[in-house]
Amino acid sequence: MNNIRRFWSSSGFSSQFVRLGYRNYTHNYSSINNNNNNNSVSSSFLIHGIHVFQCPDAIGILAKLSDCIASKGGNILAADVFVPQNKRLFYSRTDFVFDHVKWPRLQMEEDFLKISKTFNAVRSILRVPAIDPKYRIAVLASNQDHCLIDSLHGWQDGRLPVDITCVISNHDRGPESEVIRFLERHGVPYHYLKTTAENKREGEILKLVQNTDFLVLARYMQILSSEFLRSYGKDIINIHHCLLPSFKGGNPSKQAFDAGVKLIGATSHFVTEGLDAGPIIEQMVERVSHRDDLQSFVQKSENLEKQCLSMAIRSYCELRVLPYEEKNTVVF
């Protein structure tokens with residue numbers, strides 16, 4: 001259960017959303033040492049767990065989940081539940097704290113597995129961030145640096161709960177560039193793979209990313225083939241501006257600026273075989289006006305892309321994103 005699961009798939013549509021917040025609790029989080037991926041957790045403190053659940057709707061699901069946690073001495077901090085109208089589907093995400101000595105990780109998996117079998121669950125995923133390894137990702141980028149640099153800084157300062165195994169690009173950055181100097185300081189490999197229309201170097205990319213949990217496209221301006229997606233077999237998160245489809249081709253920001261656009265945005269989504277048609281994880285918008293020049297217009301657009309991609313990665317790692325029907329998502 002520790003491994004990342006491919007979240008998007010077929011399922012049902014939205015309508016009823018219940019959020020239960022539990023604030024009357026007291027707890028102490030454990031002190032955690034993360035050195036070379038060896039996590040040690042003090043036995044005298046409660047630690048944080050996350051559980052997501054998807055199954056056919058039935059009476060008593062939430063009660064069973066709550067009782068499972070409470071019976072082991074755990075305490076629910078927040079529970080998000082979504083039951084689509086007329087779909088007979090149940091989705092939940094539960095944040096809780098527990099004593100890992102009294103409720104060991106393997107026993108916890110067995111307890112949730114029993115509930116999964118009882119309700120014929122489609123998905124039951126458990127994560128304990130203090131104990132489980134961070135998700136391993138590779139970042140793919142082209143010549144634009146803003147999303148790549150923001151992702152690297154987010155990884156460095158802990159905003160993004162991931163380990164970056166490598167950066168892959170079809171753009172050759174010089175040894176004095178900010179990206180290369182940063183990567184060298186932190187020991188992260190940079191792979192320059194020059195691409196052509198005839199050779200996208202996908203076989204080489206697959207070898208470099210075979211030990212990752214998911215991929216991030218930080219403005220990677222290459223279309224990944226169906227063969228690549230099937231061979232990789234895990235989730236890929238992409239980011240792009242929301243000026244499509246009105247402003248296609250080169251320099252869409254300049255096109256939109258010249259057209260007097262008043263609302264700009266960014267979209268982060270899963271990569272599928274349809275171009276920019278995967279299930280959406282996060283979207284952000286911002287107003288622009290006649291007071292913006294082209295420079296401020298572009299800066300606002302790039303800032304949205306950075307924020308939107310960062311939010312999507314965090315939501316994914318925190319198990320907030322679940323598949324809903326073929327082209328939709330539940331994002332708790």
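User: What percentage of the 332 residues of the chain count as buried?
Analyst: Let's begin with the ground rules: this is a predicted model, where local features need pLDDT of at least 70, side-chain atom pairs count only at pLDDT 80 or more, and totals for chains, interfaces and linings use all residues. Residues are numbered from 1 along each chain as its sequence is written, and side-chain values use heavy atoms, leaving out hydrogens and water. Buried means under 20% relative accessible area, exposed means over 50%, and partly exposed lies in between, with a 1.4 Å probe and protein chains only. Of the 332 residues, the share that counts as buried is 48%.

User: What span does α8 reach from its first C-alpha to its last?
Analyst: The expected span of a helix is 1.5 Å times one less than its number of residues. For α8, with 24 residues, that expectation is 34 Å, and the model comes close to it, at 35 Å.

User: Which residue has a side-chain oxygen that reaches toward Gln 295 at the start of α8?
Analyst: Here we look for a polar contact, a pair of N or O atoms within 3.5 Å; within protein, one must be able to donate a hydrogen and the other to accept it, and residues adjacent in sequence count only if both atoms are side-chain atoms. The backbone nitrogen of Gln 295 has such an oxygen within 3.2 Å, and the oxygen belongs to Asp 293.

User: Is Glu 302 buried, exposed or partly exposed?
Analyst: Glu 302 has its place in helix α8. Contact means heavy atoms within 4.5 Å, and leaving aside neighbours within four places in sequence, Glu 302 is in contact with Gln 144 and His 146. Because its relative accessible area is 25%, Glu 302 is partly exposed.

User: Which residues does Gln 222 touch, not counting residues up to four places away in sequence?
Analyst: Gln 222 sits in the loop between β11 (214-217) and α6 (226-232). Its relative accessible area is 19%, so Gln 222 counts as buried. With those close sequence positions not counted, Gln 222 touches Asn 170, Thr 195 and Lys 200.

User: Arg 88 and Arg 219 each have a positive phi; is Arg 219 buried or exposed?
Analyst: Neither residue is a glycine, yet phi is about 55 degrees for Arg 88 and about 65 degrees for Arg 219. Arg 88 lies in the loop between β5 (75-82) and β6 (89-99), and with a relative accessible area of 58% Arg 88 is exposed. Arg 219 lies in the loop between β11 and α6. Because its relative accessible area is 8%, Arg 219 is buried.

User: At what relative accessibility does Asn 238 count as buried?
Analyst: Asn 238 lies in strand β12 (residues 236-241). Its contacts beyond four places in sequence include Leu 217, Thr 267 and Asp 276. Asn 238 counts as buried because its relative accessibility is 9%.

Key. Helices (H or I, at least four residues) and strands (E, at least two) are DSSP runs, numbered from the N terminus.
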